[in-house]
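Good morning, and thank you for joining this meeting. I would ask you to keep the sequence and the structure in view as we proceed.

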Amino acid sequence: SERLESLDILRGTNLFFLELFEPVYNSFAKQLDNPITNKILGQFFHKEWAGSSLWDLVMPLFLFMAGISMPFSFSKYKGETNQCLIYRKIIKRAIILFILGAIVQGNLLSLDCKQIHLYSNALQAIATGYLIASILLLNFSRKGQIIATAVLLLIYWLPMTLLGDFTPTGNFAERVDQLILGRFRDGVYWDANGLWHFSPQYSYTWIFSSLTFGVTVMLGCFAGQIIRKGKENRKLVVRKLLTIGAGLVAVSLLWSLQIPIINKLWTSSMALFTGGVCFLLIGIFYYWIDYKGHTYGLSWLKIYGMNSITAYLIGEVVNFRCAVDSVSHGLEQFLGRYYPTWLSLGNYLIVFFILRIMYKQKIFLKI
């Protein structure tokens with residue numbers, strides 16, 4: 001009954017940019033082809049390799065926010081003696097998230113074995129990060145959780161440093177993915193002779209990077225613990241969130257001199273950098289919304305934030321452009337080259353109105 005409004009609105013902000021603003025702006029800016037809009041558009045693409053753009057924060061923020069919720073949701077397990085029941089629920093949730101991720105980006109619905117990719121989506125990263133974080137939360141003290149999170153960073157860092165380099169083809173995580181996922185890796189293509197090959201253009205890693213996915217979720221857990229324990233002194237909560245965020249960013253930038261911030265590898269420095277930025281974001285949102293009580297002009301974002309799984313699945317899987325085109329194709333003669341932008345806007349407005357109806361009817365999809 002007591003929801004963390006800042007979290008719902010921050011999650012809604014993230015989804016608004018993912019499921020409405022970015023695709024519509026992307027289409028508009030490409031047609032406009034203006035230097036200023038093109039400069040802004042560059043922030044809505046992942047960095048080709050080292051460095052970070054605004055768009056590189058979208059997926060880490062999802063993982064981080066999943067972690068924030070965990071201290072609240074796991075509080076109901078306090079005193080529960082049946083550990084098997086707890087782990088059954090955790091594993092079930094992880095499996096469902098993994099399957100939904102395969103539907104969104106793994107081509108599961110193609111029903112074509114050649115097109116199916118096993119591990120390639122943010123929901124699957126959340127699933128593995130959630131599983132790792134669950135084990136740490138259930139079995140370690142707060143101090144043990146911090147130590148275990150640091151150990152995860154070091155376990156990732158050592159082979160990445162000693163057994164390869166930080167190039168797209170020479171890094172250790174790339175070799176792990178190719179070895180374990182094989183032809184089911186995202187980016188694999190098939191030639192005319194029916195042989196499969198790894199695409200040189202695809203350089204995201206998932207298997208070994210699961211360690212740092214767990215780190216990002218755990219950083220969110222630490223933020224959630226601070227918020228949950230500090231309800232009586234919210235000003236102190238804000239101070240802690242902002243201080244830790246700034247500290248993580250500083251440490252990550254220093255560490256990046258040795259292990260670069262690379263989103264596609266989810267490097268240790270990248271996990272700390274994005275985690276620090278996420279701490280700063282939740283600190284700012286918590287200060288403005290939960291501490292100061294300002295929600296004017298922001299509450300509508302809960303339409304996305306309180307049905308995040310639904311928003312992501314519908315927005316990524318279902319295409320309403322054909323419906324928009326079927327009733328407004330006459331506008332093409334007036335809109336000209338901007339007609340695709342209209343189709344994109346119409347598509348994501350339909351998604352928004354579906355979510356709004358669900359919100360009004362208090363229908364929320366949970367896993």
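How many salt bridges does the count come to? By a salt bridge I mean a side-chain nitrogen of Lys or Arg within 4 Å of a carboxyl oxygen of Asp or Glu, and by this rule there are six salt bridges.

Before the details, a word on the basis of what follows. This is a predicted model, in which local features need pLDDT of at least 70 and side-chain atom pairs count only at pLDDT 80 or more, while totals for chains, interfaces and linings use all residues. Residues are numbered from 1 along each chain as its sequence is written, and side-chain values use heavy atoms, with hydrogens and water left out.

Let us begin with the charged pairs. Side chains of opposite charge can pair when their charged atoms come close. One of the salt bridges joins Arg 3 to Asp 8, with the closest N and O atoms 2.7 Å apart. Asp 8 is also bridged to Arg 11, and there the closest N and O atoms are 3.3 Å apart. Arg 11 and Asp 8 both belong to helix α1, three residues apart, which is about one turn of the helix. Helices here are DSSP runs of H or I with at least four residues, strands are runs of E with at least two, and both are numbered from the N terminus.

How covered are these residues? I shall call a residue buried under 20% relative accessible area, exposed over 50%, and partly exposed in between, using a 1.4 Å probe and protein chains only. Asp 8 counts as buried because its relative accessibility is 2%, and Arg 11 is likewise buried, at 10%. Arg 3, with a relative accessible area of 43%, is partly exposed.

A further salt bridge links Arg 185 with Glu 174, the closest N and O atoms being 2.8 Å apart. Arg 185 lies in the loop between α7 (172-181) and β1 (188-190), whereas Glu 174 is in helix α7, so the pair ties together parts that are eleven residues apart in sequence. Both partners are buried: Arg 185 has 1% relative accessibility, and Glu 174 has 5%.

Leaving aside residues up to four places away in sequence, Lys 302 touches Glu 5, Asp 8, Ile 9, Asn 307 and Tyr 359, where contact means heavy atoms within 4.5 Å. Is Lys 302 buried or exposed? At 12% relative accessibility, Lys 302 counts as buried.

Next comes helix α12, residues 308-317. Seven of its ten residues are buried, so the helix is largely enclosed by the rest of the structure. The buried residues are Ile 309, Thr 310, Ala 311, Tyr 312, Leu 313, Ile 314 and Gly 315. What covers them includes α1, α4, α5, α11 and α15 (339-360).

I now move to the loops. His 46 is found in the loop between α2 and α3 (58-73), and at 33% relative accessibility it counts as partly exposed. Which residue is 218 residues away from His 46 in sequence, yet 8.6 Å away in space, C-alpha to C-alpha? That residue is Lys 264. Not counting residues up to four places away in sequence, His 46 touches Ser 53, Trp 55, Asp 56, Tyr 204 and Asn 263.

Most residues other than glycine have a negative phi. Asp 33, however, has a positive phi of about 55° although it is not a glycine. Asp 33 is placed in the loop between α1 (5-32) and α2 (35-41), and it is exposed, with a relative accessible area of 56%. Leu 111 also has a positive phi, near 55°. Leu 111 lies in the loop between α4 (83-105) and α5 (122-139) and is exposed, with a relative accessible area of 77%.

Finally, I draw your attention to helix α9. Arg 234 is found in that helix, and at 32% relative accessibility Arg 234 counts as partly exposed.
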